[in-house]
Amino acid sequence: MDAKRERALRGSAPPKSVLDRTFEDRFRYFLPDSKSTLVTVSGFDAFSSPALADAVRASGKRTVLLTGFTTELEVYVTSISALSRNYFSVVVSDATSTYSERVYYEALDLISRSVEVIDTRDLMKIWGE
């Protein structure tokens, strides 16, 4: 506990495990590159941005992976909005967060009643190691 508290006070992260490094190496594949379209959105519903809606439509993809902060608000509203636009909406549970752990889990439960909720480990299994 003392070591953990001391790391927190120094602002340093705990040492990375082999699993952390493996995840980071695999995740780099999905990071934006020079061919990626980056769109800045604001508001509770990311799809209310015409630029995002147009970019997703132009991509021809039918599945939308959602991550972000305030699981109970922005992630929830955007996931339902994507679903209403006939996208297969998938919320990546361990890539979302909020201010309260209780609210986080309640929001994921509510979201899972309408759209898919998956974590990154299962996502990696689906996409392949």
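1. Two strands are taken to pair if DSSP finds at least two bridges between them, and helices (H or I, at least four residues) and strands (E, at least two) are DSSP runs numbered from the N terminus. Three bridges join β2 to strand β3 (residues 116-118), the two running parallel, and the partner of V90 in β3 is E116.

2. This is a predicted model, in which local features need pLDDT of at least 70 and side-chain atom pairs count only at pLDDT 80 or more, while totals for chains, interfaces and linings use all residues. Residues are numbered from 1 along each chain as its sequence is written, and side-chain values use heavy atoms, with hydrogens and water left out.

3. β1 and β2 are also parallel, joined by six bridges, and T63 has F88 as its bridge partner in β2. The path from β1 through α4 to β2 is a right-handed β-α-β crossover (with the strands pointing away from the viewer, the path from the first strand over the helix to the second runs clockwise).

4. The structure holds three aromatic pairs (rings of Phe, Tyr and Trp, the last by its six-membered ring, with centres within 6.5 Å; planes under 30 degrees apart count as stacked, over 60 as edge-to-face and the rest as tilted). One of them is stacked, because the rings of F47 and Y87 have centres 5.7 Å apart and planes at 25°. Both F47 and Y87 are buried (under 20% relative accessible area, with exposed over 50% and partly exposed in between, using a 1.4 Å probe and protein chains only).
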